[in-house]
Amino acid sequence: MSDPESSVSLEGFGGVQTDYNPLFATNLRFSSRGEAYKWAQNIASENGFALVKTNSGRKNRSQPELFASYFRCSRYGSSKVVYDPDKPKRKSKIVKCRCLFRIRAVENYHVQDNKRLVLWNIITANGFGCHNHQPTKYKDGHRNYTGLNGEEKAYVRQQYRAAAFPRDIKSGLHQKTPDKPQPSSSQIYSETSKIRKEMRRERNTAQQMLALAVESNYVHWHVTNPDTHELTHVFMSHPEAVKLFRAYPHVVLIDSTYKTNTYNMALVEVVGVTPAGSSFLIACVLIPYESEEGYTWLLRRLMDLLECTGAAPSCFVTDRELGLVRALRTLFPETPHLLCRWHVNRAIESRALRIHKTVFYKDHVLRNPESRWWNVIDATSEEDFKKAWSVFSEK
């Protein structure tokens with residue numbers, strides 16, 4: 001079908017080129033505009049072009065209650081990027097060049113089995129069948145070809161809610177659509193970001209974190225700044241972790257990472273150990289600084305978790321964080337405090353590197369499990385330590 005009222009000269013828009021109207025001339029009828037668009041997009045894609053849906057701005061003249069829609073070339077508008085040699089800007093992925101190619105999808109009434117149905121027809125327009133640019137040679141970078149469609153977005157949403165990693169979502173999506181180029185990581189991250197925003201609604205990041213903690217029945221405490229209403233301290237522990245901690249409170253390991261998150265706060269992990277030797281995460285804590293005050297607040301929360309049992313940790317294992325050491329001496333003066341041997345070994349490595357000025361000593365002595373140094377590290381008593389040290393000190 002064709003639209004005899006639509007014609008325009010292509011002079012000044014690239015000249016006379018191949019007319020693609022015959023490819024879209026069809027008597028097929030589609031049940032929805034989406035099906036018509038998908039059919040036309042497949043044909044355009046085979047020929048190196050892409051279409052976008054736009055409203056026609058007018059109704060079907062013969063039947064005013066029915067609507068029509070334009071399927072235009074994806075480069076029909078003008079590019080938003082202004083190119084100035086003196087002020088270069090980043091180029092957009094798709095440079096629009098006011099391409100005039102378009103076809104129309106029009107609603108029409110059809111009677112079938114004594115029922116009136118609304119079906120869509122494709123109508124080509126004389127004078128609008130040519131492009132003023134060359135077909136796309138490489139489709140991998142074209143969002144109209146490689147972008148996620150509705151089914152793929154639904155798959156990403158389903159996998160994201162199932163706590164799948166983005167790399168696994170990307171791999172599974174490529175297996176579902178082997179005919180399409182593999183989706184990029186940015187497409188997966190962009191879609192998951194939209195999902196998080198939908199889940200977050202009007203809440204900010206901190207409010208969303210607390211809302212999810214309440215929803216999942218986490219044991220949590222938090223402190224806010226009374227002037228700015230910002231979160232300054234956050235303590236979160238999973239219900240199962242609380243049960244494990246109350247059952248096995250004997251050994252507690254505490255370590256922190258400093259300024260590794262958006263808010264430049266200290267993230268402290270508290271880990272417990274079962275009698276079988278396996279570890280479990282007791283809690284994750286955010287404190288403003290690695291200070292005695294912050295660690296005191298953390299340790300009081302650990303005491304609150306054990307309050308109903310009356311138990312107390314039998315041993316703390318930490319690095320040489322002075323603020324934490326002072327807090328432990330204040331709140332748990334009778335509980336043994338051990339320094340983590342991994343941190344001790346790392347400190348010795350750094351000192352050895354300064355003295356010997358070579359990595360040979362570090363790699364072949366301090367990090368070699370067969371060296372005599374590891375007998376010193378693995379000593380279980382003071383007597384064994386002295387013997388291992390004397391053997392290690394021998395030349």
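What share of the contacts in the chain with a separation of 6 or more comes from residues 24 or more positions apart? In this predicted model, such residues account for 53% of those contacts.

## Overall composition

The chain has 395 residues, and 35% of them are buried. Its secondary structure consists of 14 helices and 13 strands.

## Tyr109 in strand β5

Strand β5 covers residues 102–112 and includes Tyr109. Is Tyr109 buried or partly exposed? The relative accessible area of Tyr109 is 24%, so this residue is partly exposed. The cut-off that matters here is 20%, because buried means a relative accessible area under that value.

Leu119 is 10 residues away from Tyr109 along the chain.

With a relative accessibility of 32%, Val344 counts as partly exposed.

Which residues make a nonpolar surface patch with Val344? Leu339 and Ile348 do, and the patch made by these three residues has an area of about 200 Å². Patches are made of residues with over 30% relative accessible area, and the value for Val344 is 32%.

Key:
Residues are numbered from 1 along each chain as its sequence is written. This is a predicted model: local features need pLDDT of at least 70, side-chain atom pairs count only at pLDDT 80 or more; totals for chains, interfaces and linings use all residues. Side-chain values use heavy atoms; hydrogens and water are left out. Helices (H or I, at least four residues) and strands (E, at least two) are DSSP runs, numbered from the N terminus. Buried means under 20% relative accessible area, exposed over 50%, partly exposed in between (1.4 Å probe, protein chains only). Contact means heavy atoms within 4.5 Å. Patches are made of residues with over 30% relative accessible area and no salt bridge: like charges are joined within 9 Å, nonpolar side chains (Val, Leu, Ile, Met, Phe, Trp, Tyr) within 5 Å. Accessible areas come from the Shrake-Rupley method with a 1.4 Å probe; for residues, only the protein chains shown count as cover. A salt bridge is a side-chain nitrogen of Lys or Arg within 4 Å of a carboxyl oxygen of Asp or Glu.
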